Amino acid sequence: MSPIYAVSLGLLILSSALALWRGGWWERATAAVLVLTWIGTALAPFNRTEPPWVAIGLDGATMLFLLYLALYSKRRWTVWATAFQFLLMANHLAFVRLHELEQWAYVTAYYVWGDAVLLSLIAGVLWRARNASPTVVRDAGSMD
């Protein structure tokens with residue numbers, strides 16, 4: 001297992017666990033979609049000379065899901081996750097268009113943008129958990 005794959009898998013497990021534990025409906029749905037996309041991409045055959053059409057299709061569907069979230073969930077992290085997923089799709093497009101790209105550059109960029117999506121989800125869960133914590137009622141006469 002390569003180090004970049006191990007880091008990405010660790011982020012996927014961490015983000016999914018956090019989303020299930022402290023996330024709301026949108027965060028849990030996103031975690032489920034990302035896990036399914038990861039499994040589908042991992043099971044799809046990968047040929048070094050042909051574009052990974054299964055991964056492109058799954059990432060495109062994830063992009064549409066995240067775009068829907070960004071438009072209707074009213075959560076800031078979804079805008080960032082959608083932007084990073086868009087960059088991941090641009091990475092696919094670059095490889096489809098230019099087969100001369102170095103394989104390591106394509107795969108590394110793929111994992112970097114995917115990790116950014118996962119970090120956006122983690123930030124969203126942590127932000128939601130911070131805002132959902134009980135607030136202390138201040139005395140009306142206090143100065144702080």
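The second largest pocket has a volume of about 230 Å³. A pocket here is an open set of points on a 1 Å grid over the protein atoms alone, where a 1.4 Å probe fits, with protein on both sides within 12 Å along at least five of seven lines. Volume is the space filled by probe spheres set on the points, which are joined across faces, edges and corners. The model is predicted: local features need pLDDT of at least 70, side-chain atom pairs count only at pLDDT 80 or more, and totals for chains, interfaces and linings use all residues. Residues are numbered from 1 along each chain as its sequence is written, and side-chain values use heavy atoms, with hydrogens and water left out.

Lining residues have an atom within 4 Å of a point. Those of the second largest pocket include Glu 27, Lys 74, Arg 75, Arg 76, Trp 77, Trp 80 and Arg 128. H4 and H5 are the elements that give two or more residues to this lining. Helices are DSSP runs (H or I, at least four residues), numbered from the N terminus. H5 provides the largest share, five residues. By class, the lining holds five nonpolar, two polar and five charged residues. Ala, Val, Leu, Ile, Met, Phe, Trp, Tyr, Cys and Pro count as nonpolar, Asp, Glu, Lys and Arg as charged, and the others, Gly among them, as polar.

The largest pocket has a volume of about 600 Å³. Its lining comprises 29 residues; Tyr 5, Trp 38, Thr 41, Tyr 110 and Tyr 111 lie nearest the centre. Helices H1 (3-22), H2 (25-43), H3 (53-72), H4 (76-97) and H5 (103-132) each supply at least two lining residues. H5 gives the most, with eight. The lining divides into 19 nonpolar, eight polar and two charged residues.

Helix packing was examined for two pairs. The axes of H1 and H2 come within 8 Å and cross at roughly 150°. Axes are lines fitted to C-alpha atoms over the stretch in contact, and angles run from 0 to 180 degrees between N-to-C directions. H1 is therefore roughly antiparallel to H2, a term for angles over 145 degrees. Contact (heavy atoms within 4.5 Å) involves Tyr 5 of H1 and Trp 38 of H2, among others. By class, this contact has 11 nonpolar, two polar and two charged residues.

H3 and H4 pack at about 155°, with axes 9 Å apart. These helices are therefore also roughly antiparallel to each other. Their contact includes Trp 53 and Asp 59 of H3 and Trp 77 and His 92 of H4. It has 15 nonpolar, six polar and one charged residues.

Notes: Angles under 35 degrees count as roughly parallel, over 145 as roughly antiparallel, 65 to 115 as roughly perpendicular and the rest as oblique.
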